Every structure is written in structure tokens, then in C-alpha cells.
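This report examines one protein chain for a reader who is new to structural description. Please look at the sequence and the model before reading on.

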Amino acid sequence: MAINDQIANVESSCRAYLDLLRSAPADPRERQLLLATALDHLCAAYNQTSDVEPDSTDVDAPRTDMKQFGGQAASSFPELGFYPQVHPLEGFEQEIGQGWGLDDLTDIASDLAEVLWFLDQRRVNDAIWQFRWGYENHWGHHLHNLRRYLHNLLYWG
């Protein structure tokens, strides 16, 4: 896929997620379906980007306001609470941990806002690298845990 198409995919997926976080529909099922779709689009965008090296290693995006994203998450998705979680590689003897839907939403939003900052600065390779690195090392974990939780709420709950 051409680099311009990759950038368009990443940007539109990030913006759609953040827009949904700012103003989700009132109906819980409708907003959960939209969130599941937004998360799926982020996964697809990741899978359609090339592995690149950043243009620089000395430029960091400004830190985002986690309280702002947390407030948006709580307002838009108040039903996404705690859920049981286990690590898939830790074996069967592990204790059950917990995830928190609002924390997942917030962490994903914070990382995606940094990607968009790089795009706004026209630092294309930095943005793609940050997007891919974040998926592989941070927000992707939150996304998949949240996506599984959402699937259960939507279809098994």
C-alpha cells in the first residue's frame, strides 16, 4: 500500500476513535457497536502499515491530558467497567487479574493523540513508527483486551 494511503488509514482510524470517545451515541448497544468497529479499523490500519524507522529519535510528542481522555471515556462509555483478565502465556495456575474498560479507552486515546501530533507536524515516518510501536507494546494490548470484553457484552451478555 502506498505511503499516502497508509497515512490516510492511520489518520482516519485515529480520528474516528477519538471522535467517538468525545461524543458517543446515547444507546449503549449502538455506542458499543461503533466502538467495536473503531477498534477493528485501528487493527486493520496497523496491518496495512509498513514497518519503518522513525525520522528522528529526539522528538517526542507532547504528553496528553489523561484526565481529559478519562473524562471523555467515563462520559461516553459509563458501562465499561472492570472485567476479569488472564495472561494467555502465563499458564493455567495464574491468578485472575482485572482489566478496566475506561482505562483501556483512555490509554488508547492518549497514544493515538501522540500519533496524530506527529502527523500534524508532517513527521510521517515518526507517526507510522509511533503507531506501530504503540500497537505492539501498549495500546494494542488495551485494544484487544477491550475488544474481547466488548464482544462478550454485545453477543454473550
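**Basis of the description**

The model is predicted, so local features are reported only at a pLDDT of at least 70 and side-chain atom pairs only at pLDDT 80 or more, while totals for chains, interfaces and linings use all residues. Residues are numbered from 1 along each chain as its sequence is written, and side-chain values use heavy atoms, with hydrogens and water left out.

Helices (H or I, at least four residues) and strands (E, at least two) are DSSP runs, numbered from the N terminus. The expected span of a helix is 1.5 Å times one less than its number of residues. Helix α6 covers residues 139-155, and its 17 residues should span 24 Å at 1.5 Å a residue; the end C-alpha atoms are 24 Å apart, so the two values agree.

A residue is called buried under 20% relative accessible area, exposed over 50%, and partly exposed in between (1.4 Å probe, protein chains only). In α6 the buried residues include Trp139, His142, Leu146 and Leu150. Among the elements that cover the buried residues of α6 are α2, β1 (82-85), α4 (101-120) and α5 (124-137). In α5 the buried residues include Asp126, Ile128, Phe131 and Tyr135. Their cover includes α1 (3-22), α2, α4 and α6.

**Residues with polar contacts**

Two kinds of closeness are used here. Contact means heavy atoms within 4.5 Å. A polar contact is a pair of N or O atoms within 3.5 Å; within protein, one must be able to donate a hydrogen and the other to accept it, and residues adjacent in sequence count only if both atoms are side-chain atoms.

Is Ser56 buried or exposed? Ser56 counts as buried because its relative accessibility is 17%. This residue is found in the loop between α2 (28-47) and α3 (66-76). Leaving aside neighbours within four places in sequence, Ser56 is in contact with Arg123 and Asp126.

Asp107, in helix α4, is buried, with a relative accessible area of 10%. Apart from residues up to four places away in sequence, Asp107 touches Met66, His138 and His142. His142 is itself one of the buried residues of α6.

Glu136 lies in helix α5 and is partly exposed, at 41% relative accessibility. Not counting residues up to four places away in sequence, Glu136 touches Tyr46 and His141. Glu136 and Tyr46 are 90 residues apart along the chain, and their C-alpha atoms are separated by 9.4 Å.

| Residue | Partner | Polar contact |
|---|---|---|
| Ser56 | Arg123 | 2.6 Å |
| Asp107 | His142 | 2.9 Å |
| Glu136 | Tyr46 | 2.5 Å |

**Two further residues**

Most residues other than glycine have a negative phi. Arg122 has a positive phi, near 60°. Arg122 is placed in the loop between α4 and α5 and is exposed, with a relative accessible area of 70%.

Ala74 is found in helix α3 and is partly exposed, at 34% relative accessible area. The C-alpha atoms of Ala74 and Leu102 are separated by 6.4 Å, although the residues are 28 apart along the chain.

**Pockets**

On a 1 Å grid over the protein atoms alone, a pocket is an open set of points where a 1.4 Å probe fits, with protein on both sides within 12 Å along at least five of seven lines; lining residues have an atom within 4 Å of a point. Grid points are joined across faces, edges and corners, and a volume is the space filled by probe spheres set on the points.

The largest pocket has a volume of about 470 Å³. Its lining has 14 residues, of which Tyr83, Gln85, Val86, Asn145 and Arg148 lie nearest its centre. The elements that give two or more residues to this lining are β1 and α6, and α6 gives the most, with seven residues.

The second largest pocket has a volume of about 280 Å³. Of its 17 lining residues, Asp60, Glu114, Phe118, Trp129 and Gln130 are the closest to its centre. The largest share of this lining, five residues, comes from α4.
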